[in-house]
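Welcome! Take a look at the sequence and the 3D structure below, and then we can walk through a few of the details together.

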Amino acid sequence: RNSRERRRLTLKMAAGVSELLREIAELEEPLEELRSLKTAVHSLPLSTLRELATGLRFGVLFGLLSSDDREQIDTCVAILDRLLQALDPVYLAQNFKLELQKGLQHSDDNVKILAMSQIGRIVESADAVPLIIGSPELLREMIHSIGCKKISVAKEAIQSLSRVAQSKAGLDALFMTSMLQDLKDVMGTNDVVRYRVYELVVEISSVSPVSLGYCANSGFIAQLLTELAVDDVLIRATAIEMVTGLAQSPHGRQYLAQQGTIDRISNMIVGADSDPFSSFYLPNLVKFFGNLAMVDSPQQICERYPVFIEKVFEMIEGQEPTMIGVGLDTIGILGSCTEGMQVLNKTGSKFHEVLKRLGSISCSAATDIRVRCLDTIASLLSLPNDQQTEDLLGLTESWFQTIHSHPMETFSNMSSQPFPEIHIGTIKIFTAIASQPWGQRLMISTPGFVEYIIDRSAEPDKLSKEAKFELVKTLVDSKTIAEIFGNQYYLQLRTYLREGPYFVKAIATVAVDGE
């Protein structure tokens with residue numbers, strides 16, 4: 001009976017929506033009715049609106065957007081957003097292309113956002129996207145939206161156009177027609193918009209070698225690569241960032257190698273020493289090679305471009321916080337795989353000096369740099385169970401002992417400092433060594449350490465409790481833990497794991513007479 005009643009109410013409200021739309025069409029000042037309609041469409045479930053929406057006459061609402069009344073525009077946008085959401089993307093593309101196009105031309109940002117988000121829905125549908133490709137005027141407006149002052153509209157335009165370009169027909173529409181000139185015209189707006197177009201080009205290029213071919217033939221990539229050498233250091237930094245995006249795909253890397261771009265970026269690192277403004281773009285040069293090493297091969301990249309690893313070490317040894325941060329992140333990423341660990345270790349005494357420097361940064365730098373340093377140390381020392389060969393275990397142990405003269409004591413003391421991020425950072429280091437037998441032996445031989453692990457009161461907040469739980473889980477999952485820690489501690493750890501990260505022991509209280 002309840003469901004029948006709900007259905008009756010829903011149908012009544014649905015009829016009310018149609019009635020309100022009819023009334024609005026006949027009124028000169030329909031704001032009151034628009035408010036009622038907004039309430040009605042947001043009260044109805046989307047499933048009911050789907051049944052209803054195709055029979056409604058939306059035209060009146062789009063017409064009311066050409067008003068100077070701010071509240072009227074906002075109310076219409078809220079109603080249309082809900083109603084259009086209920087339409088199938090193909091139906092939307094077939095019946096409202098012109099309205100969406102006008103929406104992109106509207107002076108009000110909220111109307112633009114509404115139009116762009118609905119276009120976003122259309123391009124997500126394989127059946128609906130050809131209807132956009134076949135509408136040059138709408139495509140043109142989408143391209144011009146890249147230049148919109150409202151960043152959310154521009155971002156949505158970039159995303160939608162990159163979806164359009166996922167088919168050959170879409171690539172042809174963008175790069176083989178007058179649309180190409182539109183893209184070039186928009187590019188001329190200013191530096192910010194030019195880089196939005198590059199962002200679109202990089203996004204399209206990453207899809208396949210064919211997509212890259214279209215972008216290269218259009219001249220956009222060659223233009224981007226010339227910007228690596230411009231005098232404006234901030235533009236140069238942004239260009240390097242874009243080229244890093246291009247290097248994420250194998251065909252992108254191959255293209256950059258053929259163009260000599262990777263060698264050129266390596267030479268830019270060499271030349272940075274004599275450029276007083278290099279601090280603006282050097283971090284991005286290093287990030288470029290860091291990314292390249294991870295998606296390609298740390299060994300090949302570091303052997304072919306030794307200047308990269310030398311510069312990373314130099315950054316960490318220096319005093320400039322920005323450079324130290326980028327250097328820390330980079331060796332953390334490099335050392336997160338076994339091939340990268342071996343590359344770092346091959347540099348011998350140089351890396352040992354870097355490890356000692358990590359020890360000193362972890363104790364005495366600014367808090368944010370200390371936190372990044374602790375993350376880097378944890379990354380370098382992590383060794384998954386299936387990669388724990390004798391050699392690699394020997395390597396992580398020697399690194400740990402090099403960082404500080406008494407590492408367990410130092411990190412334990414650090415853990416008790418009143419900085420939550422430092423506390424969690426040290427727990428991450430303990431978690432990194434917790435799966436390795438040498439780490440477990442150090443823990444059991446450090447007075448009070450295992451008691452600290454089992455003591456839940458040591459963790460004051462949610463993030464600390466979760467970090468400690470991860471440490472306990474890593475220990476319990478290890479094959480050697482029962483043997484090294486002994487049965488009593490092992491069972492206590494298993495109990496901790498079973499009880500979960502947030503367990504609080506109930507404390508019985510006894511009322512005393514007179515209290």
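## A residue on the outside

Val-210 is exposed, with a relative accessible area of 54%. That value puts Val-210 in the exposed class because the cut-off for exposed is over 50%. If you want to find Val-210 on the model, look in helix α14.

Ala-93 and Val-210 are 117 residues apart along the chain, and their C-alpha atoms are separated by 27 Å.

## How confident is the prediction?

Keep in mind that you are looking at a predicted model. The protein chain has an average pLDDT of 91, and 96% of the residues score at least 70.

Which elements have the lowest and the highest mean pLDDT? The lowest, 70, belongs to helix α1 (residues 2-26), while helix α14 (residues 209-217) has the highest, 97. Helix α14 is also where we found Val-210.

How many disulfides does the structure hold? The count is zero. Cys-363, for example, is in no disulfide, and its nearest cysteine sulfur is that of Cys-373, 8.6 Å away.

To count as a disulfide, the two sulfur atoms would have to be within 2.5 Å.

Key
Residues are numbered from 1 along each chain as its sequence is written. This is a predicted model: local features need pLDDT of at least 70, side-chain atom pairs count only at pLDDT 80 or more; totals for chains, interfaces and linings use all residues. Side-chain values use heavy atoms; hydrogens and water are left out. pLDDT is the predictor's confidence in each residue, from 0 to 100. Helices (H or I, at least four residues) and strands (E, at least two) are DSSP runs, numbered from the N terminus. Buried means under 20% relative accessible area, exposed over 50%, partly exposed in between (1.4 Å probe, protein chains only).
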